[in-house]
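Please read the points below with the model open beside you, and take them one at a time.

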Amino acid sequence: MIRIENIIKSFGEVKVLKGISHTFEAGKTNLIIGRSGAGKTVLLKLLVGLFAPTSGNIWYNDIDFVNLDKKEVREIRMKVGMLFQGSALFDSMSVEENIAFPLDMFSKMTKKEKLDRVNYCLERVSLDGVNDQYPSEISGGMQKRVGIARSIVLSPEYLFCDEPNSGLDPKTSIVIDELIKSITVEHNITTVINTHDMNSVMEIGDNIALLHMGELAWTGNKDEVLASDNDLLKEFIFASPFLQKLRDAAARNA
Amino acid sequence: MNDIGIGSLVIICLIAVFIGAVTAVQFSYQLSGGLVPRYYIGYVVRDIVIIELAPTFTCLVLAGKVGSNMAAEIGGMRQKEHIDAMEIMGVNTATFLILPKIIAAVIVIPLLVAIAAFVGNAGGYIATVPTGLLTSEEYIQGLRSFFIDYNVVMMFVKGLVFSFILTSVSCYQGYFVKGGSIELGQSSTNAVVYSSILILLFDYLIAIVLTQ
């Protein structure tokens, strides 16, 4: 579980996050949604410690993450997996080497044990036989799956995903969503996903936080989205003309 | 080590040959009056190559070749979020990415400087003996005259300091790059410019300190 309390983040004069408090629950897919520029990525980077908050607290269970020293932050980070928007796979390493990288850094496994673990993770994301291929030789969807495999190889307690569906076709997006959801439940991970994707919101949104101009505008779950009368949420969810038509048609039928 | 050392050996040797050759020909021209013994040319070439030209030219060339490469490599990793990914995994990225480069450089570059000094002296021989400016005996007598081994120490000190400067400045420029491809190009250029200026500045300071 991760809890944030009154988080404020400013860059110079610009206040990007204006006092956000929220709890990201373990074993659930916690979504941060909002329009571009709402502060989603900044919040995610604060959660993983790539930025420091201007004020406020971040709690990893009972640990005050903001006031840890560098060594203690590294210890927490060993329990963290992250899937980047562009996957951030190391170009000069094969898929197998990419996934084994955290094991090489932090485990004392034998070569055989590492290979078994890598193969297990690849199997878990439904990728077989790509061990020796390089990131440039596989598709965007496969790169995301390799990114997920790398992020779960050390069995993290916390998983962060920065727009996991960006650049993917709708069908592959659903596969990635289902994968993240099942891994979250299976290992009781606290998963935080930063997304624009409406399918993700409606399919895996266990705990959703809507950001608007640096403020928390709405919280709830996927079942509460359609029933909500929050104007900002409705504006965000039904931003596309296609969804507006569907909503109007549903209203007419009703 | 391979990229810095073996990968740069040919260019360093090529430059060193011409440095030695040009120095020998120029001194041969300037000492043509007859007042100074001809073998002094070998002596002057040896000392100027060892003390100044081999370490400085080698490191300036490596600042352009290796330094820009390091800045671009690390800057590219920063922009593709590879460094962020490593940080989140708990890797100390400065230690993991930069330290091995600095260690490799401070081991390999002084060796390259030593090779450049040897090849530079050979370049002086090639430029003067076959062309008849000096006899082989005169040049070798010059190389063996008034030898001060402290000059070799000075050469290695310069090699060590310059190699540290060029790798640390270049890695710094890449590690803290912000923005896109234009900024990445600028960081690569800055790596070369700042390392070169610092190398020349420290060349002067080392010369003052070590010749007191």
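1. How many residues of chain A are in contact with how many residues of chain B? In this predicted model, 14 residues of chain A are in contact with 10 residues of chain B. On the side of chain A that touches chain B, helix H2 (70-77), strand S6 (80-83) and helix H3 (95-106) of chain A each supply at least two residues, and H3(A) gives the largest share, with 3 residues.

2. It is worth looking at the classes of residue on that side of chain A, where 11 are nonpolar, 1 is polar and 2 are charged.

3. The largest nonpolar core has 122 residues, and those that touch the most other members are A:Leu43, A:Leu47, A:Ile99, A:Ala149, A:Phe160, B:Ala54 and B:Leu166. Helix H2 (residues 40-79) of chain B gives the most to this core, contributing 18 residues. As general background, nonpolar side chains tend to be buried together in soluble globular proteins.

4. On confidence, the model scores ipTM 0.80 and pTM 0.82, while chain B has a mean pLDDT of 92, with 100% of its residues reaching 70 or more. Among the elements of chain B, the highest mean pLDDT, 96, belongs to helix H6 (residues 150-175) of chain B, and the lowest, 90, to helix H3 (residues 82-89) of chain B.

How values were computed. Residues are numbered from 1 along each chain as its sequence is written. Chains are lettered from A and ligands numbered from 1 in the order in which they are written. This is a predicted model: local features need pLDDT of at least 70, side-chain atom pairs count only at pLDDT 80 or more; totals for chains, interfaces and linings use all residues. A nonpolar core is a set of buried Ala, Val, Leu, Ile, Met, Phe, Trp, Tyr and Cys residues joined through C-beta atoms within 7 Å. A residue is buried if 20 or more other C-beta atoms lie within 10 Å of its own, exposed if 12 or fewer, and partly exposed in between; C-beta atoms are placed from the backbone. Helices (H or I, at least four residues) and strands (E, at least two) are DSSP runs, numbered from the N terminus. pLDDT is the predictor's confidence in each residue, from 0 to 100. Two residues are in contact if their C-beta atoms, placed from the backbone, lie within 7 Å. Ala, Val, Leu, Ile, Met, Phe, Trp, Tyr, Cys and Pro count as nonpolar, Asp, Glu, Lys and Arg as charged, and the others, Gly among them, as polar.
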